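Subject: A structure for you to explore

Hi there,

Here is the structure I promised to pass on. Have a look around first, and then read on for what I found in it.

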Amino acid sequence: MTGITADTGHLALLSWSRFLLASYRTRRDRTGSWESNAIVYSPGGYPTGHICIGDDIDHVLTDRDGGIWTSHGDEGIHGSHPASSGGLARWNTDGAQPWGPLGRGRLPVLPLGGIAGATGENTVWLGWHSHEGSFLSRVDSSDGSIISYRHPLKNSDGIAVRGTRMILSHQFHNRPGVELNRAELVDNAWVITSQEQLRLPEPVTRRCVQGRDGVLWIRGGDTWVQVEA
């Protein structure tokens with residue numbers, strides 16, 4: 001497999017057994033065009049497309065239809081790449097951006113960086129922080145409508161949602177311990193209902209937590225653990 005560079009930090013699954021590798025940053029080339037920072041791979045590990053999905057990427061996740069969702073850090077939001085300025089974005093595998101959160105009232109405040117994300121059947125959850133606290137935004141992938149809630153925790157790096165239930169993780173970098181919090185949606189607010197500790201055989205590293213279809217997947221070394229929301 002080719003195309004893996006030192007700053008490749010994101011791996012995401014795509015439809016039809018494809019997958020995506022992405023780097024955190026992009027920059028303009030000599031012609032002024034933005035350089036590609038993501039590669040779409042075939043099931044056999046061959047590159048089939050090189051695209052740009054914005055600058056200063058904090059998190060990447062994908063939905064069942066092959067949509068690529070990103071959250072961006074402050075250098076992307078306040079930088080010169082136009083699609084990163086909203087903090088959140090959706091891309092297709094051709095590198096076009098069919099969705100962004102900009103517009104009056106679509107988000108309560110401007111994001112400063114991504115926290116976590118999860119996908120479901122027709123929804124995507126994006127966690128992000130701002131000067132006014134942290135939020136969770138639920139996006140309907142079919143029409144792009146968005147609803148935002150206050151994040152119930154100060155620190156979390158993984159989420160998974162099933163109906164009105166959510167599980168949130170907080171890992172301790174390079175240690176095998178993970179804190180799990182469960183939450184319920186009550187009167188349009190997420191409320192923590194319980195907390196537990198999960199210990200893995202090996203340390204958990206950054207960006208090794210994924211939420212898909214109500215299940216939180218956590219990797220420690222070569223071991224994957226799944227936790228139901």
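**A loop residue to start with**

D56 sits in the loop that links β4 (47-51) to β5. Please keep in mind as you read that this is a predicted model. Is D56 buried or exposed? Its relative accessible area is 12%, and because the cut-off for buried is under 20%, D56 counts as buried. D56 also has a positive phi, near 55 degrees, although this residue is not a glycine. As background, most residues other than glycine have a negative phi.

**The protein as a whole**

Stepping back, the protein contains 17 strands and one helix. Its radius of gyration is 17 Å, close to the 17 Å that the globule rule gives for 229 residues, so the protein is as compact as a globular protein of that length. Along the principal axes, the C-alpha atoms fill a box of roughly 55 × 45 × 30 Å. Of the 229 residues, 50% count as buried. If you take the contacts with a separation of 6 or more, 40% of them are between residues 24 or more positions apart.

β5 belongs to an open sheet of three strands, in the order β5-β6-β7, with antiparallel pairing. Which strands are at the edges? They are β5 (57-62) and β7 (88-91), each of which pairs on one side only. From one strand to the next, the twist averages 20 degrees. In general, strands of a sheet pair through backbone hydrogen bonds, either parallel or antiparallel.

The largest nonpolar core has 14 residues, and L20, A38, I51, I53, V60, I68 and W91 touch the most other members. β2 (19-23), β3 (38-41), β5 and β7 each supply at least two residues of this core. Leaving out residues up to four places away in sequence, V60 touches H10, A12, L20, I53, I68, W69 and T70.

**Around β15**

Another region to visit is the one around β15 (residues 189-212). How many bridges join β14 to β15? There are eleven between β14 (residues 175-186) and β15, and the two strands run antiparallel. One of the pairs is G177 with R199 in β15. β14 and β15 form a hairpin with two residues between them, and D187 in the turn has a positive phi of about 50 degrees. N188 lies in the loop between β14 and β15 too, and N188 has a positive phi of about 65 degrees although it is not a glycine. At 59% relative accessibility, N188 counts as exposed, whereas D56 is buried.

β15 also pairs with strand β16 (residues 215-220), in the antiparallel sense and over five bridges. Here G211 has L216 in β16 as its bridge partner. This hairpin has two residues between the strands, and D213 takes a positive phi near 50 degrees. The pairing of β15 with strand β8 (residues 113-119) is parallel, over two bridges. In that pairing, T119 has R212 in β15 as its bridge partner.

D157 lies in the loop between β11 (146-150) and β12 (158-162). What does the side chain of D157 reach? It reaches the backbone nitrogen of Q171, at 2.8 Å. Setting aside neighbours within four places in sequence, D157 is in contact with I115, A116, S169, H170, Q171 and V209.

S17 is in the loop between β1 (8-13) and β2. With a relative accessible area of 57%, S17 is exposed. S17 and P43 are 26 residues apart along the chain, but their C-alpha atoms are separated by 5.3 Å. Apart from residues up to four places away in sequence, S17 touches S42 and P43.

Enjoy exploring, and write back with any questions!

Best wishes

How values were computed. Residues are numbered from 1 along each chain as its sequence is written. This is a predicted model: local features need pLDDT of at least 70, side-chain atom pairs count only at pLDDT 80 or more; totals for chains, interfaces and linings use all residues. Side-chain values use heavy atoms; hydrogens and water are left out. Helices (H or I, at least four residues) and strands (E, at least two) are DSSP runs, numbered from the N terminus. A polar contact is a pair of N or O atoms within 3.5 Å; within protein, one must be able to donate a hydrogen and the other to accept it, and residues adjacent in sequence count only if both atoms are side-chain atoms. Contact means heavy atoms within 4.5 Å. Two strands pair if DSSP finds at least two bridges between them. Axes are lines fitted to C-alpha atoms, for helices over the stretch in contact, and angles run from 0 to 180 degrees between N-to-C directions. A nonpolar core is a set of buried Ala, Val, Leu, Ile, Met, Phe, Trp, Tyr and Cys residues joined through side-chain atoms within 4.5 Å. Buried means under 20% relative accessible area, exposed over 50%, partly exposed in between (1.4 Å probe, protein chains only). The radius of gyration is taken over C-alpha atoms; the globule rule is 2.2 Å times the number of residues to the power 0.38.
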